[in-house]
Amino acid sequence: IDLILSGQESMDVLPIVQCDDAAIYQYTGGTTGVPKGAIGLHRNLVANILQFREWLVGLEEGGEVALAAIPLYHVYGMVIAMGVSVALGASIVLIRTPQDLSLLLSSIQQYGVTLFPGVPNLYAAINKNPDVLAGKYDLRTIKACISGSAPLLPEIKQQFEALTGGKLVEGYGLSEAPTATHCNPVHGENRTGSIGLPLPDVDARIVDAEVGDRQLAIGEVGELIIRSPQVMAGYHGMDEETKLALRKGWLYTGDLARMDEDGYFYLVDRKKDVIKIGGFQVWPREVEEVLALHPDIKDAAVAGVPDATYGEMVKAWIVLQEGRSISPGEVQGWCEERLARYKKPMAVEFIDTIPRTFVGKVLRRELVRMHQAGK
């Protein structure tokens, strides 16, 4: 300001930024191990912003209002809440503490928010908010919401869309391809449980999870690999890890998924999170989705813990709805009615809160650590 008032020109020279220069070192959440710094180039971020700008059909240049309730220091918030909004010429409403639902809801109403990227826990909290259910807030300005970072349960989507009249679609992304590679259409068919279709210019395959050199048939579960302009340059200072993740132009995500006959993808679970019980495999996400349907359960997480007989067993950590009470046996019975018997939790622990990253991913390694410390 002093330079402007004095009429002097700044002596600082702005750097010349090239498309292949590093724009961000986005550290992975570390949900399954040591965090790694994914190097996102300027062209990676620009590519993903342009992909989503085309994907969000029906939004008008200069006519939208975006709610930035997810951290801008994380690539999800940086690309979707900030970058896409700038590309749209949208106004941006910054929310410092999304846990303050009164502030968040009043901001939506006051500013007429139309674009609202977020995480499932946030949409679920809005669905259950007494003031929302009583009709004290007008949320009908919302046009489009993109949910990421954790699985979006169908009932959360359905209730949120009924409350707002907007579209809530699930997407998929990772720090290594900042930020997203798949999304359900905003105006088109949304398939229950699906992370949607690949974004423009994204190639995706399902390959065998053991070696990763054999493409699987439609419907088979394997590792999701991606080739696209937003794929990172590598991991900062970790050459061996980079070689494992980037092979022959493809990014190996470490996520297990399947693809249906129309090209919709379905995330099954993290490759490292698979629970191996004797000769069987259990995916935590499948069990968590069943637990989430129980009316007395507010939140739940599942992980494999050591077992002397089978190597591992399924354990569930449960957060109950306020004022509710159920027994471990009731939890197990609920699961046994809806899952193969070997998939039901052999151990159940009730806790106050599920440990998660700041974007909502379950910290399974923390749950396992808690289990071992409690033995």
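Visitor: How do α9 and α10 pack, at what angle and how far apart are the axes?
Guide: α9 and helix α10 (residues 328-336) pack at about 110°, and their axes are 10 Å apart. Axes here are lines fitted to C-alpha atoms, for helices over the stretch in contact, with angles from 0 to 180 degrees between N-to-C directions. That makes α9 roughly perpendicular to α10. The cut-offs are under 35 degrees for roughly parallel, over 145 for roughly antiparallel, 65 to 115 for roughly perpendicular, and oblique for the rest.

Visitor: What sort of model is this, and how are residues numbered?
Guide: The model is predicted: local features need pLDDT of at least 70, side-chain atom pairs count only at pLDDT 80 or more, and totals for chains, interfaces and linings use all residues. Residues are numbered from 1 along each chain as its sequence is written, and side-chain values use heavy atoms, with hydrogens and water left out.

Visitor: And how are helices and strands picked?
Guide: They are DSSP runs, numbered from the N terminus: helices are H or I with at least four residues, strands E with at least two.

Visitor: What about α4 and α5, at what angle do they cross?
Guide: Helix α4 (residues 101-111) and helix α5 (residues 120-128) cross at roughly 85°, with axes that come within 11 Å. They are therefore roughly perpendicular to each other. Leu101, Leu104 and Leu105 of α4 touch Leu122, Ala125 and Ile126 of α5. That contact is 6 nonpolar, no polar and no charged.

Visitor: Then α2 and α3, what is the angle there?
Guide: About 60°, for α2 (residues 42-55) against α3 (residues 75-88), with axes 9 Å apart. That makes α2 oblique to α3. The crossing is right-handed. Leu45, Asn48, Ile49, Phe52 and Arg53 of α2 make the contact, with α3 residues including Val75, Met78 and Gly83. The classes are 10 nonpolar, 2 polar and 1 charged.

Visitor: New topic. How much space is in the second largest pocket?
Guide: About 380 Å³.

Visitor: Which residues lie nearest its centre?
Guide: Gly193, Leu267, Arg285, Glu286 and Glu289, out of 17 lining residues. α7 (154-164), β13 (265-270) and α9 (284-292) each give two or more residues to the lining. The largest share, 4 residues, comes from α9. By class the lining has 10 nonpolar, 2 polar and 5 charged residues.

Visitor: One last thing. How is a pocket defined?
Guide: On a 1 Å grid over the protein atoms alone, a pocket is an open set of points where a 1.4 Å probe fits, with protein on both sides within 12 Å along at least five of seven lines; lining residues have an atom within 4 Å of a point. Points are joined across faces, edges and corners, and volume is the space filled by probe spheres set on them.

Note on methods: A crossing is left-handed if the near helix is turned anticlockwise from the far one by less than a right angle, and right-handed if clockwise. Contact means heavy atoms within 4.5 Å. Ala, Val, Leu, Ile, Met, Phe, Trp, Tyr, Cys and Pro count as nonpolar, Asp, Glu, Lys and Arg as charged, and the others, Gly among them, as polar.
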